[in-house]
Amino acid sequence: MDKIKAENKMKIDIKFDGKPGYGVYINELKELKFDAKVAIVTNAKVGGLYLQNLLSRIDCPQKFVISVPDGEEYKNMQTIEAILEQLFVSRLDRSSVIIALGGGVVSDMAGFAASIFERGIKFINIPTTLLAQVDASVGGKTGVNNKFGKNLIGSFYQPSAVYCETEFLKTLEKHEFAAGLAEAVKMAVTFDEKIFSWMEDADLTDEANLQNLIYRCVQIKAAAVEADEREKGVRAVLNYGHTFAHVIENETNYKKYLHGEAVAIGMNMANSLAVKLGLMSEEQKARVAELLVKFGLPISYKVPNASSFYEAFFLDKKAENSAIKFILPRGIGDYEIQKDVPRELVMDVLREFE
């Protein structure tokens, strides 16, 4: 299989009709210069590894560091209030800049805080996990969780730039790296059979391969975001596996699985439904499962109660008019959005996992 070609271009432009776009830069972070105050939102773990490196690259009148707790369970309004308080105490204003240095949780919270602080200030994403680089940092989805579910409070608020540096991935634990690969598999299954086949054989410990994978995933994400910023159509396809995954995360209090791990299980569950609907063959489902297992990802979950799991779907923000929206693969490399899947068919899938 030929290598994925990034055409030696390490910037992808995201453009919107009638509003400014921004660039996603891969291994292009050098110096950032601002004429305003800058607040860097990070956590102790990431900050300990990369904060000084980043601070040395920022030229601005004043820099502030806001450290948030590490973990999905802290992605809530209490943490947002703490971020906002520090922004006010540091006397940031509408000309100021927020920089998110961290994974998807930091990116989501920093972006949300930027979107509501004095009705919106500039923010930049510098993702330090593979999951954030291939997906979460791009596209302007921001928000937090509450007791009803994941990301139910938030906004669409685009960053001014995104910088993906593969050097930040060298310190990731194996399961964190795998969690990012789950999001890459998600995009390959629904949008690009060629990259899926390439991933089956590729050595992703090779930095050139990894850089090119990030590039291709950002291309896919950028195209979906440009076409459908507010997730009314094609961008919703990026939620493949997530309808199931969000219930799993909520049932396990966001502590048992990383987001990407839950998505891997969710994709396997969605694939079971796709097989029942005749959209995917058993062989294709097995190929996806084998790739996820190859990357060290879980594909099974013991559903405590199929009926309550099903009811939890209706709390998902993707549910519309009391109908559950399922993003399902059509083979490998294509997709279908279904809103009228019979309840009993879904229940059959859930019972398989009980």
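The chain has twelve helices and 13 strands, where helices (H or I, at least four residues) and strands (E, at least two) are DSSP runs numbered from the N terminus. This is a predicted model, in which local features need pLDDT of at least 70, side-chain atom pairs count only at pLDDT 80 or more, and totals for chains, interfaces and linings use all residues. Residues are numbered from 1 along each chain as its sequence is written, and side-chain values use heavy atoms, with hydrogens and water left out.

**Overall dimensions**

- Along the principal axes, the C-alpha atoms fill a box of roughly 60 × 45 × 40 Å.
- Of the 354 residues, 59% are buried. Buried means under 20% relative accessible area, exposed over 50%, and partly exposed in between, with a 1.4 Å probe and protein chains only.

**Nonpolar cores**

- In soluble globular proteins, nonpolar side chains tend to be buried together.
- The largest nonpolar core has 82 residues, of which Val-185, Met-199, Phe-309, Phe-313 and Leu-350 touch the most other members. Such a core is a set of buried Ala, Val, Leu, Ile, Met, Phe, Trp, Tyr and Cys residues joined through side-chain atoms within 4.5 Å.
- Domain 1 (11-169) and domain 2 (174-352) each give at least three residues to this core; the domain bounds come from an automatic or database domain assignment.
- Another core, of 23 residues, lies apart from the largest one and includes Val-68, Leu-87, Ala-110 and Ala-113.

**Aromatic residues**

- There are 14 aromatic pairs in the structure. Rings of Phe, Tyr and Trp (its six-membered ring) pair if their centres lie within 6.5 Å; planes under 30 degrees apart count as stacked, over 60 as edge-to-face and the rest as tilted.
- Tyr-257 and Tyr-301 form an edge-to-face pair, because their ring centres are 6.2 Å apart and their planes are at 70°.
- This pair links distant parts of the chain, 44 residues apart: Tyr-257 is in the loop between helix 8 (242-251) and helix 9 (259-276), and Tyr-301 is in the loop between helix 10 (282-294) and helix 11 (306-312).
- Tyr-257 is buried at a relative accessible area of 13%, and Tyr-301 is buried at 7%.
- Phe-309 and Phe-313 also pair edge-to-face, at 5.5 Å centre to centre and 80° between the planes; both are buried.
- One aromatic cluster is formed by Phe-244, Tyr-257, Tyr-301, Phe-309, Tyr-310, Phe-313, Phe-314 and Phe-326.
- The charged end of Arg-343 sits over the ring of Tyr-310, 4.8 Å from the ring centre. The criterion is NZ of Lys or CZ of Arg within 6 Å of the ring centre and within 35 degrees of the ring normal.

**Cysteines**

- Zero disulfides are found in the whole structure, a disulfide being a pair of cysteine sulfur atoms within 2.5 Å.
- Cys-164 is in no disulfide, and the nearest cysteine sulfur, that of Cys-217, is 10 Å away.
- Cys-164 counts as buried at 0% relative accessibility, and Cys-60 counts as buried at 14%.

**Two helix residues**

- Leu-49 lies in helix 1 (residues 44-55) and counts as partly exposed at 46% relative accessibility.
- Val-349 is in helix 12 (residues 343-352) and is buried, with a relative accessible area of 1%.
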